[in-house]
Amino acid sequence: MLNKDTPIRKKLMSAILLTCGAVSLLTYLAFFAYEYFTFRQSLVNQLSSLAEIIAANSTASLAFKDQESAQEILDALKARPNVVAAGLYDNDGQLFSKYPLNLSDNSYPKPEKQGYYFKEAHLVVFQPVVQNGKHHGTLYLKSDMKAMNERLTLYGLIVIIVISVTFFLAYNLSKRLQKRISDPILALAETARAISDRGDYSVRAVKMGGDEVGLLTDAFNQMVVQIEKQNTDITLFNQQLEQNREELQNIMDHSVDVICTIDEVGTFVKVSDASKLVWGYKPEELVGTNAANLLYEDDKEISIRAEQDVKNGIKITNFENRFIRKDGKIIPLTWSAKWDKKEKVMYCVARDATALKEAEYQLQKRAKELTASNEELEQFAYIASHDLQEPLRMVTSFLTQLEKKYKDQLDDKARLYIHFAVDGAIRMRKIILDLLEYSRVGRNNHDIELVDMNELVSEVVLFSRTTILEKEAKVIWQNLPQVYAARTPLQQVLQNLIGNSLKYQANGVKPVITIEGAETANSWQFSVTDNGIGIDPQFFGKIFTAFQRLHNNNEYSGTGIGLAICKKIIENHGGKIWVQSVPGKNTTFYFTISKSQRSHVNS
Amino acid sequence: MALLRIIRRTIYNQKFLPGLFLVLLSATEIGMISPVQKESPNAAQVKAVFLFNFAQFVEWPDQTFPAAKAPLIIGVLGKDPFKSYLDETILGESINGHPLIIHRYNKLQDIKNCHILYINLYQPDQLEDVLAALKGRRILTVSDAPKFAQSGGIIQFVTVNNKIRMRINQENAQASELTISSKLLRLAEIVSSTK
């Protein structure tokens, strides 16, 4: 009668009516049962009392066998219409007297002990007849249950009427009361249907009270608000997504690099428009075909390996291979690729490296040319300086002969001129030698070896001991590190720097030269500090250029090639050389030797 | 049969004529005597039972029982008509804790303590003297003798319609300080003393 789809109105009413009906029915059943049993009991009590009285009255009749008086006593039962039969038995169990008289003896049962029983809608009572403790017989009484049945029928009628009225009242009341519960629910359901039918989330349910349904309404409205908001958000998000997609499409469409996705087996899934430009194929011609079809035969192996790397999660950039364009031209490509584990595709960007390759090629060509020209230049310098020595020696030698053989014929002026000429020739020779030296630096490939700088410094000091003694100079060094370097050139550097420190001194000042060394992460750094005349900072750059001199020859002799040679040697060692100075006070030369020299060690 | 026996007995009792007359008179008075009187086969037996039943419907003053368990004595004065019936009837019986015993007396002087006395004198003409002698004593006197109840006795058996009925003189019972149950009185014909 009530399935799940029954309207809530019916469910509520049914629940109320069923409950009401069940309760009243049960109540009346209980009442009925109670009435039935109490009435039966009272019937038993009444009949038993009656039996006791009659039995007491009939003792003498039985004792003295007086049937008439016994009959008289029993006849008094006429006043009790419910007693349908009565009888007195004597001690032998013989029926002594009966009521009503016309009743057949056969309808009397055998006398029994005191007690009662219900039989065929009748109550039967047996009562012993006793006088002064002497048993004289038994009384038998039989009563119908008409009174009880009548009473129960009356009760039944009343119950039916009351239940009918109750039901009628309950029906009318529940019909009215259920509305209070069902109406808000139905209204809510109606709103929900309206919203779902029309998709209009601006509709709100009307709250009818503060009960659970009211709460439900609030929650429902809140939910609708949230759905509305989420709807807006989703729309906005979709727009944004669309915009992003368009942007991405724009980028893809206008990129000069080919942007493409390639699936697991190497098939193009998506290709940007640039493919037309770079490979000569339209994107739609490529999608669905295998990328390997375009691959230049010789690059297949490395490409397969690179693809494997990408699939293993290695993000590659600047992978190079070659494709064959539609027109048959082989073009170099530079790839960046990343594997998407979830989608199982490779996102790739392929750049046409033709221009780059061209530029690279040009650069290499230029570098080669430059090297060649440099070598030629050095060769030239070497040859020039070497070849210049011979004529210079000739000049010097003949000037010397001229001075020696025509000394007496030459006046003082001529002799002075010759002297100048010889002096110039000597200086020129020195310059040529320096030049030769300079050109040699880097030409001779010296072996890199482990050099103890302490040892090296002491060798240089020993070499310059005459000057040191003469100038009473002091050279200080201790705990210098060992370095990997070419021994002879490094010694030359120290020789030059210490030599400079001894040379550029004011008169009367005793030179103090400190050599220090330290190890840094990538190199060793050394410094040579003196207490000499110093260098004006504006010349810090100039001093390392060949033949640049700050002083005339009269003050401090030299060709100005020493520091240029030092610079070249240090740079050959992957190092740097620079200077710091306070003019008139001190000068410190710093130089570094790269630790990478170590890898040049010949094993 | 019973009537015949009564008649015979009455004849033996030497005063048969008045007894016979009385019986006949009583019968004709009620007018329901059938031609062949069919008395109960053993009136003596019935009477013996009645004697015993009297003990249940009559109350004696306490002093008639010297002790709580003192016997209730049923006496027979004169000729005993009950044969063994009376003994059989009371065998093992007791009333209110008083065992029943039977005493048979030949003469008045033998009676000492007695509660129910059935009187069946050898010389019926001495009945008045006997009753006079017993007067005031707490003894329920019972007899078949005609006019017994009217002449100083308490209970007299009468046979009506072939049934044994009782005639009771309540005054005499009260004089003997005996209380007869109303139930018994209801069955009996109540008479008062003549004279």
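This is a predicted model: local features need pLDDT of at least 70, side-chain atom pairs count only at pLDDT 80 or more; totals for chains, interfaces and linings use all residues.
**View 1. Chain A at a glance.** Let us start with the overall make-up of chain A, whose secondary structure comes to 14 helices and 17 strands. Of the 603 residues in this chain, 22% are buried. Among contacts in chain A with a separation of 6 or more, 57% are between residues 24 or more positions apart.

**View 2. The open sheet of chain A and its edges.** Here five strands of chain A form an open sheet with antiparallel pairing, in the order β2-β1-β5-β4-β3. Which strands stand at the edges? They are β2 (95-99) and β3 (115-119) of chain A, and each has a single partner strand, so one side of each is left without a neighbour in the sheet. On average, and ignoring direction, neighbouring strands of this sheet are turned by 15° against each other.

**View 3. Strands β4 and β5 of chain A, with a helix across them.** Strand β4 (residues 122-131) and strand β5 (residues 134-144) of chain A run antiparallel and are joined by 10 bridges. To find one of the partners, look for A:Phe126, whose bridge partner in β5(A) is A:Tyr140. Helix α1 (residues 8-57) of chain A lies across β3, β4 and β5 of chain A, and it runs at about 30° to β4(A).

**View 4. The largest nonpolar core.** This core has 74 residues, and those with the most contacts inside it are A:Leu139, A:Leu141, B:Leu51, B:Phe54 and B:Leu140. Its largest share, nine residues, comes from helix α3 (residues 43-57) of chain B. What does B:Phe54 touch, if residues up to four places away in sequence are not counted? Its partners are B:Ile116, B:Leu140, B:Val142 and B:Ile155. Another core, of 36 residues, lies apart from the largest one, and A:Leu435, A:Val451, A:Phe526 and A:Ile593 are among its members.

**View 5. A:Ile561, a buried loop residue.** You will find A:Ile561 in the loop between β15 (523-530) and α14 (562-572) of chain A. Why does A:Ile561 count as buried? It has 21 C-beta neighbours inside 10 Å, and a residue is buried if there are 20 or more. Leaving aside neighbours within four places in sequence, A:Ile561 is in contact with A:Asp434, A:Tyr438, A:Ala546 and A:Phe547. One of these, A:Asp434, is 127 residues from A:Ile561 in sequence, yet the two are 6.5 Å apart in space, C-alpha to C-alpha.

**View 6. The hairpin of β16 and β17 in chain A.** β16(A) and β17(A) form a hairpin with three residues between them. In the turn, A:Gly584 has a positive phi of about 80°. Strand β16(A) and strand β17 (residues 586-594) of chain A pair in the antiparallel sense over six bridges, and A:Gln580 has A:Thr588 as its bridge partner in β17(A). In a regular strand the side chains alternate between the two faces of the sheet. Strand β16 (residues 577-582) of chain A has a covered face with A:Ile577, A:Val579 and A:Ser581, and an uncovered one with A:Trp578, A:Gln580 and A:Val582.

**View 7. Where chain A touches chain B.** How many residues does each chain bring to the contact? Chain A gives 10 residues and chain B gives 11 residues. On the side of chain A that touches chain B, helix α2 (residues 59-63) of chain A gives the most, with four residues. The residues of this side of chain A divide into three nonpolar, five polar and two charged.

Technical notes: Residues are numbered from 1 along each chain as its sequence is written. Chains are lettered from A and ligands numbered from 1 in the order in which they are written. A nonpolar core is a set of buried Ala, Val, Leu, Ile, Met, Phe, Trp, Tyr and Cys residues joined through C-beta atoms within 7 Å. A residue is buried if 20 or more other C-beta atoms lie within 10 Å of its own, exposed if 12 or fewer, and partly exposed in between; C-beta atoms are placed from the backbone. Helices (H or I, at least four residues) and strands (E, at least two) are DSSP runs, numbered from the N terminus. Two residues are in contact if their C-beta atoms, placed from the backbone, lie within 7 Å. Two strands pair if DSSP finds at least two bridges between them. Axes are lines fitted to C-alpha atoms, for helices over the stretch in contact, and angles run from 0 to 180 degrees between N-to-C directions. Ala, Val, Leu, Ile, Met, Phe, Trp, Tyr, Cys and Pro count as nonpolar, Asp, Glu, Lys and Arg as charged, and the others, Gly among them, as polar.
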